[in-house]
Amino acid sequence: MPEHEAGGSSGTPTHEVRDFLRRRREQIAQRWADEPLFRTVFTVSRDEAVEAGKAVVDALAQVADAQQVEDPDAAGFSAVREQLARMGAARSRAGLSNTQVSSELAALWPPAENLLVAELEQASPEELRACSTTLSMLLGTLRLVAMQTALSETQSLIDRQRLQLLEVATPVIKLWDGIVAVPLIGTLDSARSQVVMETLLNAVVDQHARFAILDITGVPTVDSLVAQHLMKTVAAARLMGAECVVSGIRPAIAQTIVHLGLDLGTVKTRASLADALGYCLHELGTNIVNAAPDGAGRR
């Protein structure tokens, strides 16, 4: 009696494939362990790659048992999503594109198909074709799940790196005891404005700052949204006990603010960072002395 009949399957192609996966779990995992996707990721030992292959086969069998071979959200895939994400991420770090990773996933199909054809050699052509098609759809869904997971991980990495870049691009500088400054360069959007506010407020607390300077010399344009973000930052700093000064307002930006009818009347403004620092030092009661050719002179 052919082995696939001895397995006690229900006769449907989906359950035939389920039983095949369970019976040939070890052989499939052994063959997959030699494929680049497993071999180049699980480098500690071949046994590690085999165990990873078994986990994937178990997941496929569970999905087939639920007859959800075309559903990437099937519960059976939950157990291997994290593993697939690690594998995809490892191949991406190795310099492979998503297309190349997808090709490596597609390479899992021939070894499994060869085993299926050998097991069903006594089956009718129609049964073999139906089971082969079902297995192909199942592995195609696995491929889709892996790519979705990899793309999700990639997007998460991009988001984390973007946040890190925002933090790096928003340094807080201690100019004097009690005075900190944030030189802003580039466009201010909602995400970056939030980082600016959080970074500045943390610096105010850490440095016990009485004055905080927002220098917008490097901000190309100021519109109503940017002005709103600045006002919120000024208000938040004031609540923390620090006076906020906005510097670097160029003539073009001043004209834009007037044209838009924006009210910055409650905000201390200065033309340059040097002027803002001079104002803060004066408010702290510090005398500024300029060196003169004929000696020191007070300013």
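Reader: Before the details, what should I know about the model and its numbering?
Author: The model is predicted: local features need pLDDT of at least 70, side-chain atom pairs count only at pLDDT 80 or more, and totals for chains, interfaces and linings use all residues. Residues are numbered from 1 along each chain as its sequence is written, and side-chain values use heavy atoms, with hydrogens and water left out.

Reader: Let us start with the strands. In which sense do strand 1 and strand 2 pair?
Author: Strand 1 (residues 173-176) pairs with strand 2 in the antiparallel sense, over three bridges. Strands here are DSSP runs of E with at least two residues, helices are runs of H or I with at least four residues, and both are numbered from the N terminus. Two strands pair if DSSP finds at least two bridges between them.

Reader: Which residue is the bridge partner of W176 in strand 2?
Author: The partner of W176 is I179. The hairpin of strand 1 and strand 2 has two residues between the strands, and G178 takes a positive phi near 90° there.

Reader: And how many bridges link strand 2 and strand 3?
Author: Six bridges link strand 2 (residues 179-185) and strand 3, and the pairing is parallel. In this pairing V180 stands opposite A212 of strand 3.

Reader: What stands opposite A212 in strand 4?
Author: That residue is C244. Strand 3 and strand 4 (residues 243-247) run parallel and are joined by five bridges.

Reader: Which helix goes with strand 2 and strand 3 in a β-α-β unit?
Author: Helix 10 (residues 190-207) does, and the unit that it makes with strand 2 and strand 3 is right-handed. Right-handed is said of a crossover when, with the strands pointing away from the viewer, the path from the first strand over the helix to the second runs clockwise. Strand 3, helix 11 and strand 4 also make a right-handed β-α-β unit.

Reader: How many residues of strand 3 are buried?
Author: Six of the eight residues of strand 3 (residues 211-218) are buried, so this strand is largely enclosed by the rest of the structure. Buried means under 20% relative accessible area, exposed means over 50%, and partly exposed lies in between (1.4 Å probe, protein chains only).

Reader: Changing topic: which residues of helix 3 are buried?
Author: In helix 3 (residues 25-32), the buried residues are I28, A29 and W32. They cover an arc of only 95° around the axis, which puts them on the same side of helix 3. The arc is taken from the directions from the helix axis to the C-beta atoms.

Reader: How many residues of helix 2 are buried?
Author: Helix 2 (residues 13-23) is mostly covered, with eight of its 11 residues buried. Among them are H15, E16, R18 and F20.

Reader: What lines the largest cavity?
Author: Its lining includes I216, V222, L230, M231 and V234, and the space amounts to about 60 Å³. Helix 11 (residues 224-239) gives the largest share of this lining, three residues. The lining divides into 10 nonpolar residues, one polar and no charged. Ala, Val, Leu, Ile, Met, Phe, Trp, Tyr, Cys and Pro count as nonpolar, Asp, Glu, Lys and Arg as charged, and the others, Gly among them, as polar.

Reader: And how much space lies in the largest pocket?
Author: The largest pocket holds about 180 Å³ of space. Helix 6 (78-93) and helix 9 (125-168) are the elements that give two or more residues to its lining. By class, this lining has four nonpolar, three polar and three charged residues.

Definitions and conventions
On a 1 Å grid over the protein atoms alone, a cavity is a set of points where a 1.4 Å probe fits but cannot get out, and a pocket is an open set with protein on both sides within 12 Å along at least five of seven lines; lining residues have an atom within 4 Å of a point. Grid points are joined across faces, edges and corners, and a volume is the space filled by probe spheres set on the points.
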